[in-house]
Amino acid sequence: MSATTVNDKYNAILQAAIEIISEKGLYSTSISDIVKKAGVAQGTFYLYFRSKNALIPAIAQNLISITLEKSKEKTKDRANFMEFLQTFIDEIYNITDEYKDVIVLVYSGLAIDHSMEIWETIYKPYYEWFEDELKRAIGNGEIIGELNVGWTAKMIVNMVENAAERFFIGRDQDITREESQHEVFQFLKRSMAPAK
């Protein structure tokens with residue numbers, strides 16, 4: 001079996017699981033439902049996943065990979081850190097809006113399975129990328145240098161995602177999307193801008 005075929009079957013199972021679990025819920029979804037939708041044999045499912053619950057971390061990993069890839073692409077040509085940060089915030093809001101059902105699915109599935117510690121492993125490349133951006137900005141004198149870069153990267157990523165999730169999932173919309181993004185950006189800018 002070629003790597004492409006393996007990848008195609010894995011992705012077909014993941015996409016089918018996302019659709020069916022989003023519609024029916026984790027407990028009401030059977031493996032038979034998933035493989036039927038994916039167009040693969042039931043035994044094929046077990047080549048990739050040991051159980052239905054094992055799908056949730058894989059779905060989370062897939063979502064983080066999409067987020068990281070899209071964030072890198074959108075921010076790669078930004079002239080300075082503040083432009084990078086505004087673009088990053090905008091992209092996280094876009095991704096959260098587009099994938100809100102998947103985010104809810106992942107959160108509920110990881111909470112049910114008591115797997116929240118898996119998040120740190122899944123997020124590691126994402127945090128490391130953001131740490132590199134912070135280091136570059138510090139080196140360029142664009143933000144203060146007195147930061148714990150690892151902690152700050154996690155805090156910023158989590159804060160931006162939480163604000164976007166509150167807006168799109170929690171329906172905390174007493175202000176517009178643009179105002180929400182502006183508030184997040186201004187808060188972060190004030191906390192990191194070097195003294196003049």
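Biologist: In which helix is Glu178 found?
Modeller: This is a predicted model numbered from 1 along each chain, with local features needing pLDDT of at least 70 and side-chain atom pairs pLDDT 80 or more, while totals for chains, interfaces and linings use all residues. Side-chain values rest on heavy atoms, without hydrogens or water. Taking helices as DSSP runs of H or I, at least four residues, numbered from the N terminus, Glu178 falls in residues 177-192, helix H9.

Biologist: Does Glu178 count as buried or exposed?
Modeller: The cut-offs are under 20% relative accessible area for buried, over 50% for exposed and partly exposed in between, with a 1.4 Å probe and protein chains only. Glu178 has 57% relative accessibility, so Glu178 counts as exposed.

Biologist: How many residues apart in sequence are the parts that Arg177 and Asp90 tie together?
Modeller: Their side chains meet in a salt bridge, 3.4 Å from N to O (a Lys or Arg side-chain nitrogen within 4 Å of an Asp or Glu carboxyl oxygen). Arg177 sits in helix H9 and Asp90 in helix H5, so the parts are separated in sequence by 87 residues.

Biologist: And which helix does Lys70 reach through Glu98?
Modeller: Lys70 and Glu98 form a salt bridge, with the closest N and O atoms 3.1 Å apart. Lys70 belongs to helix H4 (residues 55-75), so the pair ties this to a part 28 residues away in sequence, where Glu98 lies: helix H5.

Notes:
Helix = DSSP H or I, 4+ residues; strand = E, 2+ residues; numbered from the N terminus.
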